[in-house]
Structure formats: structure tokens, C-alpha cells
Amino acid sequence: MIEAKALSVSFGSTMALRDVSLSVEAGESVAVMGRSGSGKSTLLHCLAGLVRPDQGEVWFDDRRLDSASEKTRSDERLRHMGLVFQFGYLVPELTLAENVALPLLVTGTSRRAAQQRAMELLERLEASDVADRRPSEVSGGQMQRAAVARALAHRPRVVFADEPTGALDSANGQLVLEAMIAAARDDQAAVVVVTHEARLASYCDREIVLVDGVIE
Ligand SMILES: Nc1ncnc2c1ncn2[C@@H]1O[C@H](COP(=O)(O)OP(=O)(O)OP(=O)(O)O)[C@@H](O)[C@H]1O
Ligand SMILES: [Mg+2]
């Protein structure tokens, strides 16, 4: 479903990725591990069409993503991808429930159905009690769980999550991983999740480790 072929990315003199290939099937979950600076976020950003690789190709189904226009790439993200960024986040003016409903509303779901889906996900992630608060009025972990709920709201075909459990204790980290694995199972989504925690990575079907921009 999502495939990277021989990606290389440099930032100035830093080689962030070097000849990285990865293929993730529908319904499959992959954990990306590696030290700080090893290229995990860069890989995710390439797969999601946010960063254009210097070399290599990214394919989403039978469509080539890396060379597509800005508009095509952002349409693909909006409709088919769910993203949880390493840093950031929710729209500050909206409540958590409104944030989660947002990807549904912009792709044409009715307000009622969007609200219902948002509450269902916030419940699953144990954040429904703060659904009506704005991000500034909740904890970092509650924000992070709402960001995960938002990424899953429109039943994306691919979920990319960059350390979605960073601000969470182990029980909530497990909750988040389980919600993503459930999306893989129930909606046949492909899931790619960056995590530092081996215990959480072990919930995924497969683990890859990046070392200085190369898959070990
Ligand atoms: N926009 C950028 N400009 C310059 N260098 C960058 C940029 N983004 C990443 N890098 C460099 O590329 C390398 C890989 O960065 P990346 O963010 O992919 O690492 P990471 O594995 O996600 O690290 P962390 O675990 O700290 O989030 C690092 O050496 C980083 O300093
Ligand atoms: Mg990173």
C-alpha cells in the first residue's frame, strides 16, 4: 500500500536517510526505532509526502507521491492519511472533540456523524471527559491522545505516528498503540509508528531500526 524505494535525503552535509526502502501492506503495523537523529521523522515525512527525497520514490497504492504536486500530496494526506506529529498538534481555538471531528468535516461528513465518531474515539482513548475543553486546558497526555484520535477519525488508509506515546505513562501508551493496531485490524489501515519503547514496538507486526539514516 505504501512503499519507499531507495530514499536518500540530505540536509546540508547531513545525510538523514541513505538508500532506505520500506513497504507496508494494508492491515500491517510497523514500528520504526532508532536513536535520536537517526532519520525516523524524516522517513515518516517522506512517506507522508511532506518531504521530497533527493533520490528514490514513494508510492501510495499505484500512485507516485514524491513527484506529485503539492496539491495532490496534500489531498492524499487529507483523504487517506492520518498523521500524528512528533511536535504538535491540535488547533488551539477548537475543543478536543472539534479537533478530532475536523478531518471528517473537511472531507464532507455531516456534523452529527463527525461528532459521534469523535466522541467514540475519545472514549476509546479515555479522553472523553475532557472532550469539551481546549488543548490549553488539558494535560500533555490528553492532548496527545486527542491527536491520535484525530489521526484515526476519518478511517485513513495509512496512519503515520511520530512518537505518539512520548508524553504518556505506560498504560496510556498501550492504549494509544492498541487504538492504532485496532485501526489496522478493523479498517485494514497500514500503520507506521515511531517509538523509543521496545515494549510498545512489540505490539506491531514488524520492527525496523534506523542507524544513521540506514535500515539496520
Ligand atoms: N529541516 C532540517 N534541517 C537540517 N537538518 C535536519 C532537518 N531535519 C532533520 N535534520 C537532521 O537530519 C537527521 C535526522 O533527523 P530526524 O528528525 O529524522 O531524526 P529522528 O530519528 O526523528 O530523531 P528524534 O528521535 O530526535 O526525533 C538529524 O541529524 C537532524 O539533525
Ligand atoms: Mg523525530
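Mentor: Count the charges and you get 24 positive and 31 negative side chains, with the centres of the two sets 4 Å apart. Lys and Arg go in as positive, Asp and Glu as negative, and His and the chain ends are skipped; each charge sits at NZ of Lys, CZ of Arg, CG of Asp or CD of Glu. Bear in mind this is a predicted model, where local features need pLDDT of at least 70, side-chain atom pairs need 80 or more, totals for chains, interfaces and linings use all residues, and side-chain values use heavy atoms, without hydrogens or water. Numbering runs from 1 along each chain as its sequence is written, while chains are lettered from A and ligands numbered from 1 in written order.

Now zoom in on Asp 186. You'll find it in helix H6, residues 170-187, one of seven helices that go with 10 strands (DSSP runs, H or I of at least four residues for helices, E of at least two for strands, numbered from the N terminus). Its side chain makes a polar contact with the side chain of Arg 185 at 3.2 Å. That term covers N or O pairs within 3.5 Å, where within protein one atom must be able to donate a hydrogen and the other to accept it, and sequence neighbours count only if both atoms are side-chain atoms. Arg 133 is another story: 53 residues away along the chain, its C-alpha is separated from that of Asp 186 by 29 Å. For scale, the protein's C-alpha atoms fill a box of roughly 45 × 35 × 30 Å along the principal axes.
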